[in-house]
Amino acid sequence: MRFPSAVRQAGLVVAVVALALTAGCAKKDDSEVQASGVKLVAAGKLTVCTHLPYPPFQSKDASGKVTGFDVEIMDLVAKELGVEQTIIDTPFEGIKSGQDLNTGKCDAAAAGMTITEERRKVVDFSDPYFDATQAMLVKTGKTYKSLDDLKGRKLGVQAATTGRDYAKKLEAEKGLKLVEFEDLAALQQAVANGQVEAAINDLPVWTEYLKKNPGGFEVAAEFDTGEQYGFPVKKDANPELLKKINEVLAKAKQDGAYNTIYEKWIGKQPSA
């Protein structure tokens, strides 16, 4: 059956568009799959979200390169996949809520993130890779040795962290005046300039801060909260990547690579 010229042309346009869309979809699917069938948001890259600065886990060195404990662990994962790690600095709330993973901003996150049941509802966590403890930082010379000593005084916390959650639970009981800061740098500055009397965050973070600011500050108290860090990936969406991260962690702990990285950034061998 013959068709008028205009109809034939319209049909040809539709066919060309359909073919282009099909080709585009095929290309996208190809670029989303990398080594071992692991889905990645960008071809040839393991895209990792973090929130800077949070030394010794992730921060920029003098040259502007992002380095740290978490960075080196995720480098091992990238190497196993045969790709390069690309790091995106983003607000911690987007990582914690799972939004950055859900929207395809990154494949995984590495942000010194404590595994909690509440967070498990929105992300899938890797096996634990670091045991964390909360601690209280004060300026040298301050007499505060516990949260009880801070009754009626200002205690700094970092937004969206488990340190903040820990302090919030005790706010009324201890008579604390919590002051919340968006990032670690702002929290550290608040202690330094006297905006707050003390601050709560993870012990390794304060240990790193003391190295860089000797004599000016001290850890006045530690709180064993039983926390462990994990690497989050998109909820119920990337089991292959989660499996690969866990395999790399297990291998690194077996062959000594984990201990080497731990000693480099934390300053001592991890406890058994």
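1. The crossing of helices H2 and H9 is right-handed. In this predicted model, H2 spans residues 69–81, and its axis lies 9 Å from that of H9, at an angle of about 115 degrees. The two helices are therefore roughly perpendicular to each other, given that angles from 65 to 115 degrees are classed in that way.

2. The residues that form this contact can be listed from both sides. H2 contributes Ile73, Met74, Leu76, Val77, Glu80 and Leu81, and these meet Leu241, Lys244, Ile245, Val248, Leu249, Lys251 and Ala252 of H9. By class, the contact of H2 with H9 comprises 10 nonpolar and 3 charged residues, with no polar ones.

3. Helix H7 (residues 184–192) packs against helix H8 (residues 203–212) at an angle of about 60 degrees, and their axes are 13 Å apart. That angle makes H7 oblique to H8. The crossing of H7 and H8 is right-handed. On the H7 side the contact is made by Leu184, Leu187, Gln188 and Ala192, and on the H8 side by Val205, Trp206 and Tyr209. Sorted by class, this contact has 6 nonpolar residues, 1 polar residue and no charged residues.

4. What covers the buried residues of H8? The residues concerned are Leu203, Pro204, Val205, Trp206, Glu208 and Tyr209. Their cover includes H7 and helix H10 (257–266), together with strands E7 (130–139), E10 (198–202) and E11 (217–229).

5. Tyr209, a residue of helix H8, may be examined individually. Its relative accessibility is 11%, so Tyr209 counts as buried, the limit for that class being under 20%. Setting aside residues up to four places away in sequence, Tyr209 touches Leu137, Gln188, Ala192 and Phe217. Gln188 and Ala192 are also among the H7 residues in the contact with H8. The C-alpha atoms of Tyr209 and Gln188 are 8.5 Å apart in space, although 21 residues separate the two in sequence.

6. Thr162 lies in helix H6, which covers residues 162–174. Is this residue buried or exposed? With a relative accessibility of 12%, Thr162 counts as buried. The side chain of Thr162 has a polar contact of 3.5 Å with the side chain of Thr114, and another, of 3.3 Å, with that of Gln134. Beyond its neighbours within four places in sequence, Thr162 is in contact with Thr114, Thr116, Arg119, Gln134 and Glu227.

7. The bond from Leu52 to Pro53 is cis, with omega near -10 degrees, and Pro53 is found in the loop between E1 (45–50) and E2 (59–60). Pro55 and Pro56 are likewise joined by a cis peptide bond, with omega about 10 degrees. Pro56 also has its place in the loop between E1 and E2.

8. Two residues have a positive phi without being glycine. Ala160 has a phi of about 70 degrees and lies in the loop between strand E8 (154–158) and H6. Asp236 has a phi of about 55 degrees and is found in the loop between strand E12 (232–234) and helix H9 (239–255). Which of the classes, buried or exposed, applies to Ala160? Ala160 is buried, with a relative accessible area of 11%. Asp236, by contrast, counts as exposed at 65% relative accessibility.

9. Some overall figures complete the note. The secondary structure of the chain comprises 10 helices and 12 strands. Of the 272 residues in the chain, 43% are buried. Among contacts between residues at least 6 apart in sequence, 70% join residues at least 24 apart.

Methods
Residues are numbered from 1 along each chain as its sequence is written. This is a predicted model: local features need pLDDT of at least 70, side-chain atom pairs count only at pLDDT 80 or more; totals for chains, interfaces and linings use all residues. Side-chain values use heavy atoms; hydrogens and water are left out. Axes are lines fitted to C-alpha atoms, for helices over the stretch in contact, and angles run from 0 to 180 degrees between N-to-C directions. Helices (H or I, at least four residues) and strands (E, at least two) are DSSP runs, numbered from the N terminus. Angles under 35 degrees count as roughly parallel, over 145 as roughly antiparallel, 65 to 115 as roughly perpendicular and the rest as oblique. A crossing is left-handed if the near helix is turned anticlockwise from the far one by less than a right angle, and right-handed if clockwise. Contact means heavy atoms within 4.5 Å. Ala, Val, Leu, Ile, Met, Phe, Trp, Tyr, Cys and Pro count as nonpolar, Asp, Glu, Lys and Arg as charged, and the others, Gly among them, as polar. Buried means under 20% relative accessible area, exposed over 50%, partly exposed in between (1.4 Å probe, protein chains only). A polar contact is a pair of N or O atoms within 3.5 Å; within protein, one must be able to donate a hydrogen and the other to accept it, and residues adjacent in sequence count only if both atoms are side-chain atoms.
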